[in-house]
Amino acid sequence: MDLILKNANIPQGDRQVLTNILVNDGKIVGYSNDISFLNPAKVIDIGGKLVVPGCIDPHTHFMDPGFTHRETFATGSRSAIAGGLTTIIDMPCCSKPSVRDGDSFQKKIGPIRDQAYVDYCFWGGMTGEDAREGWLDNIYPQIDEGVVAFKVYMTPSVPTFPRVSDAEMLEIFKNVAKTGLPIGVHAENYDICTFNSKKLEKEGRFDGPAWAEARSTLAEKVAIELIISFAEATDARVHVVHMTTKEGAELVKAAKKRGVKVTAETCPHYLVLNAKDSMSERGSFAKIAPPLRGKEDNEAHWQALADGTIDFVGTDHAPYEIATEKDFPGATIWNTFPGIPGVETMVPILVSEGLNKGRLSLSRFVEVTSRNAAIHYGIYPKKGSMEIGSDADFTVIDLHKEYVVDEQKTESMAKYNPLHGMKLKGKPVQTIIRGNVVYEDEKGVVGTAGYGQYVPRQSIQRLDRSFKYEKYEAVKVETKETVKQN
């Protein structure tokens, strides 16, 4: 026996049960109330704190390789484990090159293997250019590399990752639907956002909330309506990333009820911040895309997260360099870059404002921070589970620890955060990945660069056509050759 986590309160439904967790070779091998007969190499006394399956962030932009003036994989993954995360799933767009085929996948993973403090998966990518040029077969080498999903943008991302037109998105849906993998969509209507932004800037609007007004709730609503329509037409599995509005939640809920294969995520900032207050106070440092919304959207998203309409939470961690991209001479709300860091504050927000305030039950907290994302992206039960045989990934939480978010004390390179100064109760105090402690609250990061491992997709999960996110059927991964045969 390598390790025993002694006096751990683990979730059993909505109850906490005190037990001892047995770990060997990086896996969970059992639970026992009596450990007197065991002789482990190491014992860690958890002291009755809550121990949940290692938390997962399914939506990060670690900017490496290519944009390392913003964040490296090392700094991003250090920030992740300091926030209680044991696995992250990185997006395909914010690197050079963007991941759009097998070759670009290898060029991304090569430079970061020795940097990772956290276990990691990758999204694959499809763009408007891929659809126009007939390059959609590039999904298959990415599938062979183990990507967990494909990402498309309805609004521009970076020059090497062109947005999709409506027709191009439909063509991508048709092709990816054959594989059973999810398609994540940045859901904002390009024409509405672009027209309104130019209009308000011309009118002399340079206040922070103007950004949110330009990228209106209607821009998200019509985008989600289109995504759902295309999903119905193609039988594709679609996922609305970083959803922000109450209208979006209503559309997703209704679509799920009628059997559409649609899921959604929200971000911590869409649960606790609003555009009027945060963007008036912080300006570009609270600028993200999609933008912050209103207080009524915050509450609607808490409810949707609790009742299963929103399936899980991701951060959309996308930091930028302050001196050149957020606060430079001549900077305005229109020409600064949209993005904020988030991996270090995701779990604390969901503990403090969700679990501790009764907005989330314990079982639902586990689902939205680990289990559902692991199932959705095909890495369950290796990740997101405390079953025997699962990776020994744990987030240890002190439900009573009070602290204040300090943007200057984060591990990320980006020393800004619109949550700065927020008082929270409940904090991850230990992060354990495959049986090794990589972060301790009193000591900081104790893991090593390169310990984090790449986790390819284990299987493809097809959603059961039901409102509740419960039933899954593992299916064979369909590659180019099997699709042709079928």
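Q: What do the buried residues of H6 pack against?
A: They pack against two helices, H7 (209-214) and H8 (217-234). This is a predicted model.

Q: Which residues of H6 are the buried ones?
A: Cys193, Ser197 and Leu200. Seen down the axis of H6, these buried residues fall within an arc of 75°, so they line one face of the helix.

Q: Why would residues three or four places apart point the same way?
A: An α-helix has 3.6 residues a turn, so residues at that spacing end up pointing the same way.

Q: And which exposed residues sit on the face of H6 turned away from the buried side?
A: That face carries Asp191, Phe195, Lys198 and Lys202, which are exposed.

Q: How many residues does H6 have, and how far does it reach?
A: H6 covers residues 190-202, which is 13 residues. From its first C-alpha to its last it reaches 18 Å, close to the 18 Å expected at 1.5 Å a residue.

Q: What caps the N-terminal end of H6?
A: Asn189 does, with a side-chain oxygen 3.2 Å from the backbone nitrogen of Asp191.

Q: What follows H6?
A: Gly204, which has a positive phi, near 90°.

Q: Now H5. What span should its 12 residues have?
A: At 1.5 Å a residue, H5 (residues 166-177) should span 16 Å, and its end C-alpha atoms are 16 Å apart, so the two agree.

Q: Which residues of H5 are buried?
A: The buried ones are Glu168, Met169, Ile172, Phe173, Asn175, Val176 and Ala177.

Q: Change of topic: Asp57. Where does it lie?
A: Asp57 is in strand S6, which runs over residues 55-60.

Q: Which side chain of opposite charge is nearest to Asp57?
A: Lys151, but it is 11 Å away. Asp57 is buried and has no salt bridge.

Q: What does the side chain of Asp57 make a polar contact with?
A: The side chain of Thr315, at 2.4 Å. Leaving out residues up to four places away in sequence, Asp57 touches Leu85, Thr87, Ile88, Ile89, Gly314, Thr315, Val343 and Met346.

Q: Asp297 next. Buried or exposed?
A: Buried, because its relative accessible area is 4% and the cut-off for buried is under 20%. Asp297 is found in helix H12 (residues 295-307).

Q: What does the side chain of Asp297 reach?
A: The backbone nitrogen of Lys246, at 2.9 Å. Not counting residues up to four places away in sequence, Asp297 touches Thr244, Thr245, Lys246, Glu247 and Tyr270.

Q: Where is Thr245?
A: Thr245 is in the loop between strand S12 (237-240) and helix H9 (246-257). At 0% relative accessibility, Thr245 counts as buried.

Q: What does the side chain of Thr245 reach?
A: The backbone nitrogen of Gly248, 2.9 Å away.

Q: And what else is Thr245 in contact with, leaving aside neighbours within four places in sequence?
A: Thr217, Glu220, Arg293, Asp297 and His301.

Q: On to salt bridges. How many are there?
A: The count comes to 28 salt bridges. One of the pairs is Arg70 with Glu325, where the N to O distance is 3.0 Å.

Q: Which parts of the chain does that pair link?
A: Distant ones: Arg70 is in the loop between S6 and helix H1 (73-82), and Glu325 is in helix H13 (residues 322-326), 255 residues apart.

Q: Are Arg70 and Glu325 buried or exposed?
A: Both are buried.

Q: What does Lys383 form a salt bridge with?
A: Asp391, with the closest N and O atoms 2.9 Å apart. Lys383 counts as buried at 1% relative accessibility, and Asp391 counts as buried at 2%.

Q: How about Glu440 and Lys443, how far apart are N and O there?
A: Their side chains meet in a salt bridge at 3.9 Å, N to O. Glu440 is partly exposed, with a relative accessible area of 22%, whereas Lys443 counts as exposed at 64%.

Q: Which residues do salt bridges with shared partners join into one network?
A: Lys27, Asp119, Lys382, Lys383, Asp391, Asp393 and Arg434.

Technical notes:
Residues numbered from 1 in each chain as written. Predicted model: local features only at pLDDT ≥ 70, side-chain atom pairs only at ≥ 80, totals over all residues. Heavy atoms only, no water. Helix = DSSP H or I, 4+ residues; strand = E, 2+ residues; numbered from the N terminus. Expected span 1.5 Å × (residues − 1). Buried < 20%, exposed > 50% of the residue type's maximum accessible area, 1.4 Å probe, protein only. Arc of directions from axis to C-beta. Contact = heavy atoms within 4.5 Å. Polar contact = N/O pair within 3.5 Å; in protein donor to acceptor, adjacent residues only side chain to side chain. Lys, Arg positive; Asp, Glu negative; His and termini not counted. Salt bridge = Lys/Arg side-chain N within 4 Å of Asp/Glu carboxyl O.
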